[in-house]
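Work through the exercises below with the sequence and the model open. Each task is followed by its solution in steps.

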Amino acid sequence: MTTAVSDQARSRSLSRVVAASLIGTTIEWYDYFLYGTAAALVFGKVFFPNSDPLTGTLLSFLTYAIGFAARPLGALVFGHFGDRIGRKRLLVVSLLLMGGSTTLIGCLPTYASVGVTAPVLLTLLRLVQGFALGGEWGGAVLLVSEHGDAKRRGFWASWPQGGAPAGNLLAAGALSLLTGLQSEATFLAWGWRVPFLLSAVLVGVGLWIRLAVDESPLFKEALARAAARGKPEQPPLVAVLRHHWREVLVAMGARMAENISYYVMTTFVLVYAVSHAHFPKQTALNAVLIASAVQFALIPLFGALSDRVGRKPVYLVGAVGVGVWAFVFFGMVDTGSFGSLVLAVTVGLVFHSAMYAPQAAFFSELFATRMRYSGASIGAQFASVAAGAPAPLIATALLKDHGSSTPISVYVAIAAVITVLAVLCGRETRGRDLAELPGARTAEEGAAAGTGAGAAADAEPGAAAVGKAATA
């Protein structure tokens with residue numbers, strides 16, 4: 001009877017954590033993607049009006065890419081404190097930073113009002129957004145991963161990943177609604193600001209939900225054991241680079257195709273569809289809306305599939321699929337048919353979902369508890385600087401220089417090859433126990449005592465095996 005009550009309590013707690021993580025990440029991704037969508041459709045005209053349309057879009061995407069530069073810094077800072085003081089507190093800070101910067105973007109003066117000061121302020125706020133998102137992702141997925149059990153971790157941890165398509169759905173939907181209801185002049189004058197100002201309301205909702213959840217039980221147990229030992233610990237970053245550098249490289253490689261394909265097929269496609277295939281703005285936005293809704297429904301399914309067949313097989317299907325689909329994608333957009341445009345983006349996001357859904361559990365299972373926030377965040381966010389950050393910029397430049405989509409397809413395919421190789425070099429992590437053994441010595445203590453690999457194995461179940469597999 002006591003066990004049944006305890007299981008019910010854990011289930012309710014996990015459900016609250018999943019809901020809080022999903023809603024919080026949805027709000028943060030809404031803020032982040034709203035910028036990307038506006039960069040494709042609005043900012044070139046509002047903040048860079050003296051350039052020709054495609055050059056203005058390039059400059060707009062440059063400010064968009066700059067935000068990614070702050071994500072590794074966010075990963076380092078949030079990862080350090082998240083591994084030291086807890087996941088929950090840092091998630092509250094990231095939500096406040098993201099929501100505040102997004103709301104302020106909605107208040108910015110335009111280039112016509114203050115000249116070059118306007119794009120400078122825009123860039124600074126984008127940096128704050130990137131810093132906040134760099135710390136958000138790791139904390140959200142770890143909070144869920146560390147509350148659940150190994151059997152269904154892929155399914156539960158995939159729900160925060162659903163915040164990306166849900167946020168994109170909200171961002172594209174808000175701008176699509178406004179472009180449909182307003183004239184071009186009205187939308188450029190003030191209409192584009194409304195979705196940014198709405199972020200203030202969404203942040204209030206997110207804070208109310210996030211403050212109600214419990215801290216990760218695995219983290220609390222690991223923190224208590226560290227306090228009982230009474231010995232100083234290495235900074236999480238040092239521990240990650242010393243004991244898990246191979247896993248960091250696997251995570252970074254795994255992100256390449258996932259990140260590049262997503263921003264090409266959801267952000268750059270807006271530029272391509274409007275300027276090259278001559279779709280109306282709202283039509284292009286509607287295609288992304290439909291595809292994002294489908295992706296939101298698919299992510300938990302791919303997460304559950306990874307619990308059955310493993311993280312690597314599902315991830316590899318997505319990477320290979322997106323590399324091949326890149327050569328079909330633009331041809332379908334070029335037909336000028338709305339149905340073909342929707343199908344192109346939707347299939348692209350299906351393959352992306354196969355990578356993105358198991359990613360949360362996969363990355364969580366690569367690292368030990370007291371360095372998991374740092375390890376997962378560093379692996380994910382450092383890769384984003386080389387992957388998602390320049391993807392729309394590179395795609396726009398390739399289109400401008402070659403007037404063809406073929407070089408863009410090759411670009412995505414190369415990223416897919418990198419991801420396939422990285423995932424093949426990693427170890428299958430499905431079913432790994434994230435909890436450290438009670439009373440076990442850490443890898444750092446074992447190394448100091450001269451016990452080497454044996455201590456690493458004691459540090460966390462499967463840690464030595466993962467390192468051995470990665471080395472092989």
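**Exercise 1.** At roughly what angle do the axes of helix α19 and helix α20 cross?

Solution. The structure is a predicted model, in which local features need pLDDT of at least 70 and side-chain atom pairs count only at pLDDT 80 or more, while totals for chains, interfaces and linings use all residues. Residues are numbered from 1 along each chain as its sequence is written, and side-chain values use heavy atoms, with hydrogens and water left out.

Step 1. Locate the helices: α19 covers residues 391–402 and α20 covers residues 406–425. Helices are DSSP runs of H or I with at least four residues, numbered from the N terminus.

Step 2. Take the axes, which are lines fitted to C-alpha atoms over the stretch in contact, with angles from 0 to 180 degrees between N-to-C directions. The two axes cross at roughly 150° and come within 8 Å.

Step 3. List the contact (heavy atoms within 4.5 Å). Ala391, Ile394, Ala395, Leu398, Leu399 and His402 of α19 meet Pro407, Ile408 and Tyr411 of α20. Sorted by class, this contact has eight nonpolar residues, one polar and no charged. Here Ala, Val, Leu, Ile, Met, Phe, Trp, Tyr, Cys and Pro are nonpolar, Asp, Glu, Lys and Arg are charged, and the others, Gly among them, are polar.

**Exercise 2.** Which residues have the most contacts inside the largest nonpolar core?

Solution. Step 1. A nonpolar core is a set of buried Ala, Val, Leu, Ile, Met, Phe, Trp, Tyr and Cys residues joined through side-chain atoms within 4.5 Å. The largest has 127 residues, and Phe43, Val264 and Val333 have the most contacts inside it.

Step 1. Helix α14 (residues 245–276) gives the most to this core, 17 residues.

Step 2. Leaving aside neighbours within four places in sequence, the contacts of Phe43 include Tyr35, Phe48, Leu122, Trp192 and Phe196. A separate second core of five residues includes Ile27, Val92, Leu95 and Val203.

**Exercise 3.** Is His278 buried or exposed?

Solution. Step 1. His278 sits in the loop between α14 and α15 (281–309).

Step 1. The relative accessible area of His278 is 65%, so this residue is exposed.

Step 2. Check the backbone: phi of His278 is near 65°, a positive value in a residue other than glycine. Most residues other than glycine have a negative phi.

Methods
Helix = DSSP H or I, 4+ residues; strand = E, 2+ residues; numbered from the N terminus. Buried < 20%, exposed > 50% of the residue type's maximum accessible area, 1.4 Å probe, protein only.
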